[in-house]
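Colleague: I would like to learn how to read a model like this one. Please take me through it feature by feature.

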Amino acid sequence: MQTIVDTPSLRPVDLGVGGMTCASCVGRVERALQRVPGVQSVSVNLATESARVLGQPATDEPPSAWQARLQRAVRDAGYEPRTLEAAQQAQASSLLGLPRDFWPVLLGILLTLPLAGPMVGELLGEHWMLPALWQFVLATPVQFILGARFYRAGWHAIKVGSGNMELLVALGTSAAWGLSTWLWWRAEPGAVVHLYYEASAMIITLVLLGKWLEARAKRQTTEAIRALQALRPEVAHLLPDGQRRESMQDVPVAELLPDDVLLVKAGERFPADGRVLQGQSAVDESMLTGEPMPVAKRVGDSVTGGSLNGDGVLQIQVLAVGTQSVLSRIIALVQDAQVAKPPVQRLVDRVATVFVPVVLLIAIITFFAWWAWQGVALEVAVLHAVAVLVIACPCALGLATPTAIMAGTGVAARHGILIKDAAVLEQAQRVDVVAFDKTGTLTEGRPRLVNLLLAPGVDQQQVLQTAAALQRQSEHPLARAVLDALASYPDAGWMAESVQTVPGHGSHGLVQGSPMWVGSLRWLEQLGVEWGDLSASAQAMQAQGQTVSGLATGTGRIRALALMGFADQPKAHAQQAIADLRTQGYRVCMISGDNRGAAEAMARRLGLRPEAGEVLAEVLPADKAARVAALRAAGQRVLMVGDGINDAPALAAADVSIAMSHAQGGSDVAMHAAGITLMRGDPLLVSGALSIARRTLNKIRQNLFWAFVYNTAGIPLAALGYLSPMVAGAAMALSSVSVVANALWLKRWKPAAQS
């Protein structure tokens with residue numbers, strides 16, 4: 001069950017963490033940060049090399065000092081604290097036309113190739129062995145200069161009584177290099193002795209190459225965030241006087257204020273959220289909503305910062321800037337989802353805490369088993385132990401979950417599906433029932449007044465003016481339909497006094513001095529309204545699938561003046577969406593506040609079966625959460641889909657919830673309560689959201705399976721002598737690259753095609 005937790009006192013802090021290489025590093029950084037006073041929770045992401053800290057500094061400590069404590073904790077744990085921006089710049093920097101982080105790999109390859117040459121020569125029957133001095137000269141810079149990072153990180157791990165990938169690599173390669181140096185030193189002058197410098201150098205070079213390929217692939221998983229950030233233009237065309245183009249000034253977007261008037265030229269991106277004041281155009285919102293077709297914008301329509309203007313020139317009034325803009329909130333949602341950990345990651349974290357010490361123990365046992373019990377030469381026993389140390393590096397374990405989450409949430413965002421929390425991925429996997437709110441979710445949410453029946457002697461225009469006066473301040477779809485119907489008449493400007501609104505029922509007040517009531521038939525019946533000849537007509541309208549409201553007047557004796565019948569239209573792909581969900585094995589139902597006749601008539605148009613209990617009608621907004629809770633109490637795992645403020649309690653009550661945005665802007669409250677937000681009101685995206693959640697979780701499981709297979713199969717093979725240290729190094733590097741590459745397959749995902 002989801003709950004809306006208000007924790008304004010907890011402050012989120014995002015840190016870049018350099019130097020992490022495996023799941024053990026993640027655990028060590030988390031433990032170090034959790035020891036800082038005031039920290040409530042920590043989530044460290046190996047793929048993004050970042051940490052999200054949630055906590056509260058002491059009242060007498062400024063926030064900057066608390067952040068400094070967090071950075072100091074990271075440094076004391078043996079890692080490099082840095083800003084996220086600095087980390088991104090470091091990844092993107094280059095030197096002499098090559099990525100800066102590739103130069104150590106290139107140098108390692110150049111120094112190691114001559115050492116690997118003799119192995120190729122043996123295959124050709126040639127003896128290309130270099131003199132021992134040359135092997136030493138080539139291997140030593142690789143071991144102690146290019147490999148210095150492993151010694152530094154390994155030493156920090158030892159100081160805090162922990163272990164990590166670098167410690168295993170440092171121990172393994174040092175053993176191979178030290179054994180070679182010892183054999184060379186003990187050899188007789190002029191004797192030809194087999195050395196293992198090529199093993200230590202090739203292991204370090206392969207690990208460096210693997211980490212570079214891994215980093216290169218990881219950058220692709222953050223592509224969605226970078227693409228969204230690139231939507232922000234640098235400059236806006238400000239009209240200081242709000243009108244004349246001659247006064248236009250180009251100002252940085254960061255300096256914009258609400259209510260500023262901007263000019264947006266054809267082909268430019270909107271610099272901020274706003275409302276069109278002048279002009280018309282077609283706007284491409286595909287990067288925000290996933291909707292490929294341009295959306296027509298006219299005076300009064302809203303526009304979103306980052307969307308692309310078409311061939312028209314528009315003047316807009318700024319409504320939101322900075323972190324309050326839709327684009328900023330989308331980026332924040334995607335970043336939060338990529339930082340968070342799903343519950344499946346807990347298993348990995350528990351394994352990582354004991355993995356390295358266990359591997360060290362296995363390596364020691366391997367050495368003594370071969371040397372003391374099998375009686376092999378010392379160098380052979382050392383090489384088998386080295387192979388165990390190298391093959392066991394838990395890099396892939398640390399990358400398995402975050403890379404899949406980043407790729408999955410990134411591609412989902414590109415198609416207009418925002419996943420708020422990684423835990424939603426697992427919860428969505430277990431859903432049995434998909435419950436839809438009706439209005440605005442399965443239907444257009446723009447009902448029209450299609451039928452108006454009057455009591456004898458009542459004027460039609462006066463009825464509309466009275467109903468409009470009572471509902472002029474309401475945002476209810478039926479109230480808007482009345483106002484739309486009144487637009488064809490001269491507006492008399494009637495205003496209601498002492499208006500009181502009863503949520504889910506209607507409104508009452510004084511219009512032209514007379515007490516008036518407008519609302520649902522059920523509410524008016526509870527008030528004792530006398531329907532007269534309209535009673536039979538109401539039932540007939542409901543049987544036709546219309547939503548019926550009444551207008552009445554009076555105090556002690558309230559009599560009906562009119563019946564108003566409203567009809568909504570199903571969304572274009574609603575029927576297909578329901579059919580797709582049912583085909584995938586989900587039970588589907590609709591929750592509506594309409595009378596049963598109207599709700600069941602719409603349900604049949606959508607392909608739902610009222611006789612099978614797939615329609616919950618006459619449900620007040622306050623009771624939607626109770627209906628969802630009842631489904632859960634019956635043993636069903638419920639996904640709730642809604643779009644309005646009154647859906648927020650039901651969204652929070654469900655196991656998984658989806659908030660659907662729409663042309664009128666959607667509801668921030670619903671988006672806050674929901675685990676998944678759809679940036680456009682297409683019901684087909686519901687099955688798309690469930691699909692990408694399933695696929696992402698499957699990728700996590702596949703990655704964890706292969707990561708464990710590499711280690712559980714590789715360690716025994718190395719201990720039994722079937723893997724040389726060089727093959728073990730290549731396999732370890734391959735495991736990390738393969739896990740990231742497998743996650744990147746998610747980038748090819750697309751929602752089901754609309755037929």
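This is a predicted model: local features need pLDDT of at least 70, side-chain atom pairs count only at pLDDT 80 or more; totals for chains, interfaces and linings use all residues.

Modeller: We go from confidence to the sheet, then to a helix, the salt bridges and the surface.

Colleague: Where is confidence lowest, and where is it highest?

Modeller: Helix H24, residues 668–673, has the lowest confidence, with a mean of 56. Strand S24, residues 587–591, has the highest, at 93. Also mark residues 1–8, where pLDDT stays under 50. The model gives that stretch 20 contacts beyond four places in sequence. Over residues 663–667 pLDDT again stays under 50. Six such contacts, beyond four places in sequence, are present there.

Colleague: Now the sheet. What is the general idea?

Modeller: Strands of a sheet pair through backbone hydrogen bonds, and the pairing is parallel or antiparallel. Here, seven strands make an open sheet with mixed pairing. Their order is S16-S28-S27-S26-S17-S24-S25.

Colleague: Which strands stand at the edges?

Modeller: Strand S16 (417–419) and strand S25 (615–616) do. Each has a single partner strand, so one side of each has no neighbour in the sheet.

Colleague: How many bridges join S26 to S27?

Modeller: Four bridges join strand S26, residues 638–642, to strand S27, residues 656–660. These two strands run parallel.

Colleague: Next, salt bridges. How many does the structure hold?

Modeller: Twelve. Start with Arg 637 and Asp 432, whose side chains meet at 3.3 Å, N to O. This pair links distant parts of the chain, 205 residues apart. Arg 637 is in the loop between helix H22 (624–633) and S26. Asp 432 is in the loop between helix H15 (423–429) and S17. Arg 637 has a relative accessible area of 38%, so it is partly exposed. Asp 432 is partly exposed too, at 24%.

Colleague: Which parts does the pair Asp 437 and Lys 624 tie together?

Modeller: The side chains of Asp 437 and Lys 624 meet in a salt bridge at 2.7 Å, N to O. Asp 437 lies in strand S17 and Lys 624 in helix H22, so the pair ties together parts 187 residues apart in sequence. Asp 437 counts as buried because its relative accessibility is 6%. Lys 624 is likewise buried, at 6%.

Colleague: What about Arg 632 and Asp 655?

Modeller: They form a salt bridge, with the closest N and O atoms 3.0 Å apart. Arg 632 is in helix H22, and Asp 655 is in the loop between helix H23 (648–653) and S27. The two are 23 residues apart. Arg 632 counts as partly exposed, at 25% relative accessibility. Asp 655 counts as buried, at 14%. Salt bridges can also share partners: Glu 49, Glu 80 and Arg 82 are joined in this way into one network.

Colleague: Last, the surface. Which residues make the nonpolar patch?

Modeller: Leu 133, Trp 134, Val 137 and Trp 184 make a nonpolar surface patch of about 410 Å². Helix H5, residues 132–146, gives the largest share, three residues. Trp 134 is in helix H5.

Colleague: Why does Trp 134 count as exposed?

Modeller: Its relative accessibility is 52%, and exposed means over 50%.

Terms used
Residues are numbered from 1 along each chain as its sequence is written. Side-chain values use heavy atoms; hydrogens and water are left out. Patches are made of residues with over 30% relative accessible area and no salt bridge: like charges are joined within 9 Å, nonpolar side chains (Val, Leu, Ile, Met, Phe, Trp, Tyr) within 5 Å. Accessible areas come from the Shrake-Rupley method with a 1.4 Å probe; for residues, only the protein chains shown count as cover. A salt bridge is a side-chain nitrogen of Lys or Arg within 4 Å of a carboxyl oxygen of Asp or Glu. Buried means under 20% relative accessible area, exposed over 50%, partly exposed in between (1.4 Å probe, protein chains only). pLDDT is the predictor's confidence in each residue, from 0 to 100. Contact means heavy atoms within 4.5 Å. Two strands pair if DSSP finds at least two bridges between them.
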